[in-house]
Amino acid sequence: TLLMCELNPETGVNRVAENTKFFIEVLDFFLTEQVLVGPEGNMQAATWMSRTTTPHDIAFVGGQRNGLHHIAFFLDSWNDVLKSADVMAKNKTKIDVAPTRHGITRGETIYFFDPSGNRNETFAGLGYLAQRDRPVTTWTEERLGSGIFFHTGDLVPSFTEVYT
C-alpha cells in the first residue's frame with residue numbers, strides 16, 4: 001500500500017481528485033473511503049482506493065507538498081504488528097507512531113522510519129472486505145483525527161509534515 005501526498009506546488013491546488021479519477025478510470029481501482037473538506041464539504045482531501053478486497057491498495061492525501069508519505073507492509077494480525085514493534089524496539093528503529101488502530105480502513109498499525117528517512121508502516125486487520133458496490137465511507141475534517149488515530153483522535157505533527 002502506498003500513501004501519496006498530492007499538492008501542485010506551483011498552484012497550491014490539491015490533486016487528490018485528479019489522481020483518484022485517473023486511478024479509477026485508467027487503472028480500474030474503486031473508491032473505498034474519502035475525506036471531504038471545504039466550505040461546501042465536497043473537495044476530496046484524501047481518498048483510499050482498492051483493486052482487491054482490502055480496504056485500500058493505494059491512498060492519496062492532500063498536503064503541503066508532493067511526496068511519498070509511506071509504504072505499508074501487510075501483516076496477518078494485530079499480534080504481528082505488536083511483534084514488529086518489539087523487533088523495532090530491540091533494533092532501536094525510530095518509531096513515528098506507536099501501535100494503534102485507524103478509524104479509516106479499520107487497520108491496526110505502527111509507523112517507523114527506515115535508515116534512509118522514509119516512513120514505513122506495518123498494517124494488519126482487514127476491517128472490512130472492500131467491494132465495488134459497497135458504499136464509500138466519507139469522513140469530514142472534524143472527524144479526521146479519529147479517522148487517522150482512532151484511540152486518541154490526536155494528529156501527530158510528524159505524520160502530517162514528513163514526506164520523502
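User: Why is Arg-106 called partly exposed?

Analyst: This is a predicted model, in which local features need pLDDT of at least 70 and side-chain atom pairs count only at pLDDT 80 or more, while totals for chains, interfaces and linings use all residues. Residues are numbered from 1 along each chain as its sequence is written, and side-chain values use heavy atoms, with hydrogens and water left out. Buried means under 20% relative accessible area, exposed means over 50%, and partly exposed covers what lies in between (1.4 Å probe, protein chains only). Arg-106 has a relative accessible area of 27%, so the residue is classed as partly exposed.

User: What makes the contact of Arg-106 with Glu-33 a salt bridge?

Analyst: The term requires a side-chain nitrogen of Lys or Arg within 4 Å of a carboxyl oxygen of Asp or Glu. The side chains of Arg-106 and Glu-33 meet at 3.1 Å, N to O, and are therefore counted as a salt bridge. Arg-106 lies in the loop between strand 6 and strand 7 and Glu-33 in strand 2, so this pair ties together parts that are 73 residues apart in sequence. Helices (H or I, at least four residues) and strands (E, at least two) are DSSP runs, numbered from the N terminus. Glu-33 has a relative accessibility of 0% and therefore counts as buried.

User: How many salt bridges does the structure hold, and which residue meets Asp-28 in one?

Analyst: The structure holds four salt bridges, among them the one in which the side chains of Asp-28 and Arg-132 meet at 3.3 Å, N to O. Asp-28 lies in the loop between helix 1 and strand 2, and Arg-132 in the loop between strand 8 and strand 9 (137-140), so the pair ties together parts that are 104 residues apart in sequence. Asp-28 is partly exposed at 40% relative accessible area, and Arg-132 is partly exposed at 46%. Another of the salt bridges joins the side chains of Glu-18 and Arg-15, at 2.9 Å, N to O.

User: Why is the pair of Phe-23 and Phe-60 called edge-to-face?

Analyst: Rings of Phe, Tyr and Trp (its six-membered ring) pair if their centres lie within 6.5 Å, and planes under 30 degrees apart count as stacked, over 60 as edge-to-face and the rest as tilted. By this rule the count comes to four aromatic pairs. Phe-23 and Phe-60 are 5.0 Å apart, centre to centre, with 65° between the planes, and the pair is therefore edge-to-face. Phe-23 lies in helix 1 and Phe-60 in strand 4 (residues 58-61), so the pair ties together parts that are 37 residues apart in sequence. Phe-23 is buried, with a relative accessible area of 14%, and Phe-60 is buried as well, at 3%.

User: What makes the pair of Phe-74 and Phe-123 tilted?

Analyst: The ring centres of Phe-74 and Phe-123 are 6.3 Å apart and the planes stand at 45°, so the pair is tilted. Phe-74 lies in strand 5 (residues 67-74) and Phe-123 in strand 8 (residues 119-124), so the pair ties together parts that are 49 residues apart in sequence. Phe-74 is partly exposed, with a relative accessible area of 46%, whereas Phe-123 is buried at 6%.

User: How do you know that the charged end of Arg-134 sits over the ring of Tyr-128?

Analyst: A charge sits over a ring if NZ of Lys or CZ of Arg is within 6 Å of the ring centre and within 35 degrees of the ring normal. The charged end of Arg-134 is 3.7 Å from the centre of the Tyr-128 ring and is listed as sitting over that ring. Arg-101 likewise lies over the face of Phe-150, at 4.0 Å from the ring centre.

User: Why does His-102 count as buried, and which backbone oxygen lies 2.5 Å from a polar atom of its side chain?

Analyst: At 7% relative accessibility, His-102 counts as buried, and the residue is found in the loop between strand 6 (95-101) and strand 7. The backbone oxygen of Ile-148 lies 2.5 Å from a polar atom of the His-102 side chain.

Notes: A polar contact is a pair of N or O atoms within 3.5 Å; within protein, one must be able to donate a hydrogen and the other to accept it, and residues adjacent in sequence count only if both atoms are side-chain atoms.
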